[in-house]
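I opened my notebook to look a few things up in this structure. Here is what I went looking for.

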Amino acid sequence: MAGVAHAEPIDAARFFSAAGLVVARSSVVVLLLVGWELFARSGAVTMFVLPPLSAVLERIWIDASGDLWLNVGLTLYRAVVGFLIAAVAGIMLGMAISRSAVARWFFDPIISVGFPMPKIAFLPIVILWLGVYDVSKISMVVFDAIFPVVTATIIGIQGVEKELIWSARNMGASKREVMWQVVLPAALPQILTGLQVALPIALIVAIVAEMAMGGYGLGGAMMTSSRFADSRGVFAALVEIAIVGYVLVKLMAVLRRRLLVWHQEASEPATV
Amino acid sequence: MQLLLRYLPLLLLAMFWEIAARLELVSALALPSLTAVAEAWIELVKDGDLITNGAASLYRAGMGLGLSIVIGAALGIFMAWWRPLNIVLSPLVEIFYPMPKSALIPVTVIWLGFGDGSKILLIFLGCMLPVTIGAFNGARGSDRALVWSARSMGAGRLRMLWDVVVPSAMPEMLNGIRTALALSFILLVSSELIVSQKGFGYLIGFLGASGAYEGMYAVVLTVAFLGFAADRVYQMLMNRVLAWRE
């Protein structure tokens, strides 16, 4: 207990070294961007192979008064709707598998075979069945993103302490109440980890589907630029996609911390 | 027998597929029967189409993945070992890790064209960070007591890196490589579907465009099976490598 009560005095030297670290870290990013600009202008590579950062930013600026927001919105719509369907369906399926032996018998081999498969290979079949519009893109996202959610839910529910369930049952909670009020919250950290794996997958698949099917959306815009050998457009799309991905992943990490304030871990996994 | 019971649901699905196609519950164009797909598969193997395109794909995936493992693992371990490198690289890793790697497909085409080079570069770039992060977390988590006792017994810095840090980084690094393995298949197939002149993805697109849907299904199932089999084989190898633990 003494260790907890003992507050660390604010050490000036440590504070400055922490501040120095922040400066060092952000200056690395600035250096990378400056390096990009200088390298592209040095003439070592052509403007086609690597357009300078300033030209790419200018292009994004021009996009912003054109289709950029429509493209970002459409890509986010497909990725996020697919992700939400996968999240709800995946958690439901995971709960069903943990509760019923029949569901486990039926779905377990399908999940264990389907998870490691490169499901993106089914894209042409999905196009054949559902066409090239939003339904097929979102279906592809759901198909890919659901697996990590199901497995994480099953593992999470398995790991819930038996004492918790027994005492809830003992105090008169029904099976349904135990599932919703005890088991699911206790499994939440694992489930959120599964969702954190599924979200980038949803974005990757949405973009690949857009690339393959064309039309609006960040992936489609990128392919259009690529067809016209417009390398500035390609790099602009790359930067736009990178920013969208970064923001989504960070938002998810914030959401996790919010949802798990009550839990002792309350910190994001090391990989994000 | 137990194996049969375990995989019975998959068998049931296959039977359901065959019956649905035979009874033409859905159009034969959209869903050719499983037997027709099997025939098309045998035909594709005999032609050599599946073999040559498959070899091209596996070469790309193997090269890209190999590079990403070697360079990614070295990078991760040195980042944990030498703090300045960590300060320089960790913000870059943090920025690039969440980027949807498929966005690099057109970029690598601009850099290296439509052939093998652009796919290998794509797979290398896409698969490197999971390996780096796995190796970094593993090496950083290496037991302080082990490091101290090795040092007190007079191990040199390099000797310690090899004998203590690398083995303790192994489990997490191998997990990172497993993620990379799955990613390599995804990136391979998507890049070949979008721009390519050979490979599994190209063959799928080509057969689909020419209306040979039985063949398309056959190649899709082959790729899906290879991805699954690669993961299973890798898991077996991983368990063997890690057998020294406990």
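**Before starting.** I reminded myself that this is a predicted model.

**Chain B, overall.** Read along the sequence, the pattern is simply α-α-α-α-α-α-α-α-α-α. Next I checked the radius of gyration: chain B has 22 Å, while a compact globule of 246 residues would come out near 18 Å. I also noted that the C-alpha trace spans about 75 × 50 × 30 Å along its principal axes. Of the 246 residues in chain B, 43% are buried. Among contacts in chain B with a separation of 6 or more, 71% join residues 24 or more positions apart.

**B:Thr132.** Where does B:Thr132 sit? I found it in helix H6 of chain B, which covers residues 116-140. Is B:Thr132 buried or exposed? It has 26 other C-beta atoms within 10 Å, and 20 or more is the mark for buried, so I put B:Thr132 down as buried. Leaving aside neighbours within four places in sequence, B:Thr132 is in contact with B:Gly72, B:Leu75, B:Gly76 and B:Val93. I also looked up B:Asp163, which is 31 residues from B:Thr132 in sequence and 19 Å away in space, C-alpha to C-alpha.

**B:Gly201.** This one is in helix H9 of chain B. Not counting residues up to four places away in sequence, B:Gly201 touches B:Val189, B:Ser191, B:Glu192, B:Leu193 and B:Ser196. B:Met238 is 37 residues along the chain from B:Gly201, and their C-alpha atoms are separated by 28 Å.

**B:Leu29.** I wanted a loop residue too, and B:Leu29 is in the loop between H1 and helix H2 (34-47) of chain B. With 9 other C-beta atoms within 10 Å, B:Leu29 goes down as exposed, because 12 or fewer is the limit for that. Then I looked up B:Ala212: it is 183 residues from B:Leu29 along the chain, yet the two C-alpha atoms are separated by 9.0 Å.

**Where the chains touch.** How many residues does the contact take from each chain? I got 43 from chain B and 43 from chain A. On the side of chain B that touches chain A, the elements giving two or more residues include helix H1 (2-22), helix H4 (83-96) and helix H8 (157-194). H10(B) supplies the largest share of that side, 9 residues. Sorted by kind, the residues on that side are 34 nonpolar, 6 polar and 3 charged.

**Chain A.** The domain assignment gives domain 1 (11-41) and domain 2 (53-259), and their C-alpha centres lie 33 Å apart. Helix H7 of chain A (residues 134-158) has 25 residues and reaches 36 Å from first C-alpha to last, close to the 36 Å expected. H7(A) still bends by about 35° at A:Ile146, and I noted a proline, A:Pro148, following within four residues. Last, I checked helix H8 of chain A (residues 162-170): of its 9 residues the number buried is 0, so it lies largely in the open. After H8(A) comes A:Gly172, with a positive phi near 95°.

Key. Residues are numbered from 1 along each chain as its sequence is written. Chains are lettered from A and ligands numbered from 1 in the order in which they are written. This is a predicted model: local features need pLDDT of at least 70, side-chain atom pairs count only at pLDDT 80 or more; totals for chains, interfaces and linings use all residues. Two residues are in contact if their C-beta atoms, placed from the backbone, lie within 7 Å. Ala, Val, Leu, Ile, Met, Phe, Trp, Tyr, Cys and Pro count as nonpolar, Asp, Glu, Lys and Arg as charged, and the others, Gly among them, as polar. The expected span of a helix is 1.5 Å times one less than its number of residues. The bend at a residue is the angle between axes fitted to the seven residues ending there and the seven starting there. Domain bounds come from an automatic or database domain assignment. The radius of gyration is taken over C-alpha atoms; the globule rule is 2.2 Å times the number of residues to the power 0.38.
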